[in-house]
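Reader: I would like to go through this model with a few questions on strands, backbone geometry and charged pairs. Please end each reply on the item asked for.

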Amino acid sequence: MHRVGSAGNTSNSTRPRKEKRLTYVLNDADDTKHCAGINCLAVWKPLAPDGRDYLFTGSRDGTLKRWELTEEVATCSATFESHIDWVNDAVLAGDNTLVSCSSDTTLKTWNCLSDGTCTRTLRQHSDYVTCLAAAEKNSNVVASGGLGGEVFVWDLEAALTPVSKSSDAMEEDCSNGINGSGNSLPITSLRTISSSNSISLHPTPPHGYVPVAAKGHKESVYALAMNDSGTLLVSGGTEKVVRIWDPRTGSKTMKLRGHTDNIRALLLDSTGRFCLSGSSDSMIRLWDLGQQRCVHSYAVHTDSVWALASTPTFSHVYSGGRDLSLYLTDLATRESILLCTKEHPILQLALHDDGIWAATTDSSVRRWPAEGRNPQKVFQRGGSFLAGNLSFSRARASLEGSTPVPVHKEPSFTIPGTPGIVQHEILNNRRHVLTKDTAGSVKLWEITRGIVVEDYGQVSFEEKKEELFEMVSIPAWFTVDTRLGSLSVHLDTPQCFSAEMYSADLNIIGKPEDDKVNLARETLKGLLSHWLTKRKQRFGSQSVVNGEVASGKEISTRSITHSRMEIDGNAENDSMVYPPFEFSTVSPPSIITEGSQGGPWRKKITDLDGTEDEKDFPWWCLDCVLNNRLPPRENTKCSFYLQACEGSTVQILTQGKLSAPRILRIHKVVNYVVEKMVLDKPMDSVNPDGTFAPGLPGGQSQHSAVGGDGSFRSGLKPWQKLKPSIEILCNNQVLSPDMSLATVRAYIWKKPEDLVLNYRVVQGR
């Protein structure tokens with residue numbers, strides 16, 4: 001449930017949206033780094049002879065990365081991109097399967113050694129999936145928990161086995177929910193057969209695999225743990241109790257009380273006898289599941305405990321959380337020591353030989369010396385304290401001034417991330433967005449090309465915003481959010497097609513300067529140019545000309561409902577991408593969207609292979625890019641009255657209301673006044689309906705005198721060579737010839753009624 005305006009607010013949205021949205025996420029130049037906090041870690045030691053170790057990181061930027069580790073360096077060898085919201089947890093299952101879960105309500109499986117292609121999307125949760133647990137010795141079993149109290153136990157082998165062909169409901173759901181099998185699903189059964197292995201949002205899907213549901217949580221689940229053999233599952237969350245389940249049946253076996261706030265982290269020892277829990281009440285508790293009671297409480301932290309990791313023998317625990325600190329505690333002697341303190345809350349920990357990786361709300365990942373094989377060594381350095389057993393004992397101790405000194409000042413190793421964007425402002429020209437990141441850097445992005453056009457460094461965001469202010473009025477054709485640490489630009493139909501500019505204002509060479517350019521249409525062409533090229537290679541050019549947007553009935557019924565669809569006049573330049581809309585192929589943006597089947601997906605624009613169609617894309621995007629059709633738009637015209645200034649002797653032969661495109665410049669109105677002045681001139685240029693004709697592009701004039709660009713073809717008349725100087729005023733203010741009608745209306749007229757413009761002859765020029 002995307003209660004937050006997330007980049008992937010495409011499904012399960014709480015607010016109804018008629019049409020599917022298309023979002024594109026602008027990637028920073030360095031795609032080998034995360035650009036938002038790291039929520040999860042997994043260390044992988046494959047049995048391969050080369051003996052390399054790998055670290056998987058899952059981030060709030062929506063991606064996972066695989067790092068190849070050597071003594072000195074960590075190299076990003078793959079980015080796993082398919083989730084459309086924060087990646088919240090990841091676990092390794094079996095020899096080479098990675099399972100991840102996300103706030104997009106899905107689980108995804110990946111081959112650890114692949115180039116980042118998703119092998120399957122599992123949909124059963126109705127809300128954010130917050131945590132996962134795997135059974136070390138039973139590689140098939142993975143449990144998932146989330147908001148809304150849902151806990152599911154998955155048999156991966158069954159979940160990943162294709163359903164028999166006869167059911168015709170199988171979608172391979174390879175890479176990003178885009179089906180590779182090409183089976184066509186009846187449109188009617190869309191919601192019941194949600195993607196992948198036909199897992200649906202309904203309790204009883206018509207066919208396919210359904211996971212075991214562990215029912216009993218009334219509130220959100222934040223932590224899960226499983227024993228090695230997969231016969232015991234523990235869960236915790238906002239109910240403040242530790243629940244124990246039999247994952248094979250989903251039945252509850254017991255619940256343990258003791259914590260006074262949310263349970264945020266859980267660990268089980270290999271046998272399943274002892275359980276460790278970390279809570280927002282700042283306590284760590286050790287439970288004996290055989291005796292069904294808490295045997296120790298450790299007051300080590302001064303704030304919420306969010307992450308736990310234990311030594312292999314379960315003799316010591318590493319803990320981290322909201323107090324920015326990483327502690328090591330001996331569970332038997334209660335001796336505790338502060339390993340390090342940094343400036344970010346710790347979200348997850350992973351032991352790796354003699355070091356420990358810490359994931360924080362920062363985009364970098366750090367490894368600290370931890371003596372994981374012999375933790376007693378750390379205590380020999382001195383500086384330890386005895387953990388209290390009451391939650392306030394640590395807080396009281398720190399008030400008394402006995403603050404422990406960290407053993408380590410600096411990490412032994414850092415995998416750097418890039419600063420995430422935390423503040424943004426869409427500028428009035430509706431093509432530039434000003435951003436500020438966690439490092440305080442202020443940058444200017446051009447969203448129709450997806451690039452940074454200016455890096456101002458560490459300057460005042462507010463001052464720069466004021467400095468860049470332009471008095472122009474262009475409709476809001478896109479929205480932006482920075483939930484993923486980068487700019488996500490959302491396009492919703494029909495609003496996105498409301499903004500137009502003249503080609504002259506976009507400096508498009510070789511296009512008549514009065515041609516109107518629809519910003520969303522050109523942006524979509526730029527985003528999908530790689531896809532169009534691939535599509536032409538696959539299907540030949542006729543597929544694009546005929547616009548195979550949707551099959552048969554589906555699009556024809558839609559076209560009837562949208563019978564007012566406008567065919568864009570500039571069809572001859574159909575697939576040409578103009579320079580102001582060319583996206584980088586070095587750091588290409590990613591698209592997040594969904595079509596009629598398979599649910600939402602995310603992919604780089606350069607990874608699209610041309611097979612994607614209306615099952616994957618919103619039909620309106622394809623209709624625009626392939627068929628040149630735009631939906632009916634409102635408010636592209638501006639009505640106004642044109643009157644002589646008081647005391648002016650000049651009159652023009654126009655009565656009543658006029659109408660012209662919102663983007664029309666005042667200098668065109670000047671030309672119109674000159675043409676209409678009672679001089680020796682032909683009077684064929686105003687239409688009975690009062691729309692502008694010659695000289696004013698966009699007037700729906702059928703007059704033969706008007707060229708396609710709205711200019712006179714017949715050459716200048718003698719009277720035009722002696723043009724008098726005309727000024728146009730609004731609210732007694734002289735208007736700049738470069739202003740558009742929309743700008744005058746927004747910044748000078750400032751009233752809901754129809755705009756009134758006045759004109760006068762300038763004397764003495």
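Reader: In which sense, parallel or antiparallel, do strand β22 and β23 pair?

Author: The model is a predicted one. In it, strand β22 covers residues 305-310, and Val305 stands opposite Gly321 in β23. The two strands are joined over five bridges, and the sense of the pairing is antiparallel.

Reader: Which residue takes a positive phi in the hairpin of β22 and β23?

Author: Five residues lie between the strands of this hairpin. One of the residues there has a phi near 65°, and that residue is Phe314.

Reader: Over how many bridges do β23 and strand β24 pair?

Author: Strand β24 takes in residues 325-330 and runs antiparallel to β23. His316 stands opposite Asp330 in β24. The two strands form a hairpin with three residues between them, and Leu324 in the turn has a positive phi of about 70°. The bridges between β23 and β24 number five.

Reader: How many residues of strand β23 are buried?

Author: His316, Tyr318 and Gly320 point one way from β23, and these are buried. Val317, Ser319 and Gly321 point the other way and are buried too. Strand β23 is therefore largely enclosed by the rest of the structure, the buried count being six of the six residues.

Reader: Is Asn507, with its relative accessibility, buried or exposed?

Author: Asn507 is found in the loop between β37 and β38 (516-518). It is not a glycine, yet its phi is positive at about 55°. Its relative accessibility is 62%, so Asn507 counts as exposed.

Reader: What is the relative accessibility of Lys750?

Author: Lys750 lies in the loop between α12 (741-749) and β47 (755-761). Its phi is near 55°, a positive value in a residue other than glycine. Lys750 counts as exposed because its relative accessibility is 61%.

Reader: With which residue does the side chain of Glu219 make a polar contact of 3.0 Å?

Author: Glu219 is placed in the loop between β13 (212-213) and β14 (221-226), and it is partly exposed, with a relative accessible area of 39%. Leaving aside neighbours within four places in sequence, Glu219 is in contact with Gly148, Gly149, Thr238 and Glu239. The C-alpha atoms of Glu219 and Gly149 are 4.6 Å apart, although the two residues are separated by 70 residues along the chain. The polar contact between side chains is with Thr238.

Reader: How far apart in sequence are the parts that Lys45 and Asp353 tie together?

Author: Lys45 forms a salt bridge with Asp353, with the closest N and O atoms 2.7 Å apart. Lys45 is in the loop between β2 (38-44) and β3 (53-59), and Asp353 is in the loop between β26 (346-352) and β27 (355-360), so the parts tied together are separated in sequence by 308 residues.

Reader: Which residues are linked with Lys45 in a network of salt bridges?

Author: Lys45 is partly exposed, with a relative accessible area of 43%. Asp353, at 33% relative accessibility, also counts as partly exposed. Both belong to the network, where Lys45 is linked with Asp53, Asp353, Asp354 and Arg373.

Reader: Are Arg483 and Asp85 buried or exposed?

Author: The side chains of Arg483 and Asp85 meet in a salt bridge of 2.9 Å, N to O. Arg483 lies in the loop between β35 (479-481) and β36, and Asp85 in the loop between β5 (74-81) and β6 (87-93), so the pair ties together parts that are 398 residues apart in sequence. As to accessibility, Arg483 and Asp85 are buried.

Reader: Which residue meets Lys342 in a salt bridge?

Author: The N to O distance of this pair is 3.6 Å, and the partner of Lys342 is Glu410. Lys342 lies in the loop between β25 (335-341) and β26, and its partner lies in the loop between α4 (391-399) and β30 (413-415), so parts 68 residues apart in sequence are tied together.

Reader: How many salt bridges does the count come to?

Author: Side chains of opposite charge can pair when their charged atoms come close. One of the pairs here is Lys45 with Asp353. For the model, the count of salt bridges comes to 34.

How values were computed
Residues are numbered from 1 along each chain as its sequence is written. This is a predicted model: local features need pLDDT of at least 70, side-chain atom pairs count only at pLDDT 80 or more; totals for chains, interfaces and linings use all residues. Side-chain values use heavy atoms; hydrogens and water are left out. Helices (H or I, at least four residues) and strands (E, at least two) are DSSP runs, numbered from the N terminus. Buried means under 20% relative accessible area, exposed over 50%, partly exposed in between (1.4 Å probe, protein chains only). Contact means heavy atoms within 4.5 Å. A polar contact is a pair of N or O atoms within 3.5 Å; within protein, one must be able to donate a hydrogen and the other to accept it, and residues adjacent in sequence count only if both atoms are side-chain atoms. Two strands pair if DSSP finds at least two bridges between them. A salt bridge is a side-chain nitrogen of Lys or Arg within 4 Å of a carboxyl oxygen of Asp or Glu.
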